[in-house]
Amino acid sequence: MVELEEAHMSALNVIDLRTHGRGPYSLSIAPGECVSLRGDSGSGKSLLLRAITDLDPHDGQVLLDDISRTQFTAPQWRKQVALLPAESQWWQDEVGAHFSAEACPWLEPLGFGAETMHWQVSRLSSGEKQRLALARILMNKPRILLLDEPTASLDNDNVLAVEKLIEKYRCDTAAAVLWVSHDAQQAARVGDRHLQLTTDGIREYTP
Amino acid sequence: MITLSTVDLSLAAGLVLAMAALSWRMQLGLSGQLLIAGTRTVVQLLLIGLVLKALFANVDLLWVTGISLVMLLAAGREVMARQQRRFTGWWGFGMGTGAMFISSFAITVLALTTMVATDPWYDPQYAVPLLGMLLGNTMSGIALALDRLTTTAWQQRAIIEQRLMLGATRLDAIAEIRREAMRSGMMPIINSMAAAGLVSLPGMMTGQILAGSPPLEAVKYQILIMFLISAGTGFGVTAALWLASKRLFDDRHRLRLDKLTGPRN
């Protein structure tokens, strides 16, 4: 009985979500599971992720560990159900000003050192920004990671480093991951299951 | 006091006409605007002169309240007109007007009942000019601050949303922008207090001296007015920015730029 309940439990549960005239979308991800998401450009992948992290008004229900979104304040929710957008934003001069005072354990596996915190944001490459944005969002210790093309501007070695880090984070914390990727090979590599998004729904496919 | 005759004013009008003629010769395209604005000055000021004359002759709280509301609504419209992107619907007008009402009216009533202590407290000879000066300055401050807040929020929406994504509250996400907006709303009055007497002789004081008041009496009034204006502008801008930055988000801390109208050309 206990096992059955556990099997039913999902880390993230999206039920009949509608946003910007699209949907309804339903999906669920188990703790520690990584699900890939693909869809033509303009099919609304980013809008779906924005609605799940509650940045856009939407209809439908979203649950975290079977607890409704409405039970959380919006800032609490976004720390737990974290969105890593395709393009990260930086508003201070130094990288470190965007991080809390506690040491960031994710710098080293992403190829950075402690001195990175003193780097000027204006001199970061797009790839560096993308990796540092991942380190920054992981500092919130999210339960759910919504990743929007997290390796789009990275070279091969760094793509693998990011994939490895996310897998390690997922295994250590039983976090659930929804990973938007254009790259079919990457989707096959990282995803336990695979979803395809259209303007009126989501269906599962086997690559 | 030396009263001005029609001839005196005609001479001054002649200067404006000469300038308009020069502008026409130089093809500056200003002469039309200059003449229309000049005519408006004459008509509008004569009208308000007549209104004030009637008002002073019949000291009545109802009439004072009436003209105060007209002034407030005109200032509210002006704040709205100076926004690049204003809030949609009733808020576009109500936000600035409400903030001006709270600050300017409260401070004017306070000054009339305690500092100037006229009898009755709503004596229009004091109430209307005081409220006018407060409204005029608060209006500029609020218009500047709101415009700064909304245009910056529009330009920096990606940054605001990034901060929300990282778990910031709506107040944290817009704190710097709000501070900047507060500064730009308060700068004019701070500058004019700092420059008063050195760079410029404030208009009200100059007027009183021209009308024959002893300079030190005029100075005391000017100091009072400047303090009232800076407090009134400060409270008004704070209230307007508080309302506006709340209104830019919804209760789920989402940035809602759909509550702003498109840019004005």
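## A bridge in the sheet

Which residue of β4(A) is the bridge partner of A:N13? In this predicted model, that partner is A:L63. Strand β1 (residues 12-19) of chain A is joined to β4(A) by five bridges, and the two run antiparallel.

These strands belong to an open sheet of four strands in chain A, ordered β2-β1-β4-β5, with antiparallel pairing. Because β2 (22-29) and β5 (67-68) of chain A each have a single partner strand, they stand at the edges, and one side of each is left without a neighbour in the sheet. Helix α2 (residues 45-52) of chain A lies across β1, β2 and β4 of chain A, and its direction makes an angle of about 115° with β1(A).

## A:V62 within strand β4

Strand β4 (residues 59-64) of chain A also holds A:V62, which counts as buried because 20 C-beta neighbours lie inside 10 Å, the count at which a residue is classed as buried being 20 or more. Setting aside residues up to four places away in sequence, A:V62 touches A:V14, A:L17, A:I52 and A:R69. The C-alpha atoms of A:V62 and A:S26 are separated by 9.3 Å, although the two residues are 36 residues apart along the chain.

## Overall form of chain A

Chain A contains six helices and 10 strands, and its C-alpha trace spans about 50 × 35 × 35 Å along the principal axes. A compact globule of 207 residues would have a radius of gyration near 17 Å, so the 17 Å of chain A agrees with that expectation.

Of the 207 residues of chain A, 37% count as buried. Among contacts between residues at least 6 apart in sequence in chain A, 72% join residues at least 24 apart.

## The nonpolar core

The largest nonpolar core has 92 residues, of which A:I144, A:L146, A:V177 and B:I142 touch the most other members. Helix α5 (residues 124-155) of chain B gives the most to this core, with 14 residues.

Leaving out neighbours within four places in sequence, A:L146 is in contact with several residues, among them A:L49, A:I52, A:V81, A:L84 and A:L178. A:I52 is also one of the residues that A:V62 touches.

## Where the chains touch

The contact between the chains takes 16 residues from chain A and 13 residues from chain B. On the side of chain A that touches chain B, helix α3 (residues 74-80) of chain A gives the most, with four residues. By class, that side of chain A has eight nonpolar, four polar and four charged residues.

Methods
Residues are numbered from 1 along each chain as its sequence is written. Chains are lettered from A and ligands numbered from 1 in the order in which they are written. This is a predicted model: local features need pLDDT of at least 70, side-chain atom pairs count only at pLDDT 80 or more; totals for chains, interfaces and linings use all residues. Two residues are in contact if their C-beta atoms, placed from the backbone, lie within 7 Å. Ala, Val, Leu, Ile, Met, Phe, Trp, Tyr, Cys and Pro count as nonpolar, Asp, Glu, Lys and Arg as charged, and the others, Gly among them, as polar. The radius of gyration is taken over C-alpha atoms; the globule rule is 2.2 Å times the number of residues to the power 0.38. A residue is buried if 20 or more other C-beta atoms lie within 10 Å of its own, exposed if 12 or fewer, and partly exposed in between; C-beta atoms are placed from the backbone. A nonpolar core is a set of buried Ala, Val, Leu, Ile, Met, Phe, Trp, Tyr and Cys residues joined through C-beta atoms within 7 Å. Two strands pair if DSSP finds at least two bridges between them. Axes are lines fitted to C-alpha atoms, for helices over the stretch in contact, and angles run from 0 to 180 degrees between N-to-C directions.
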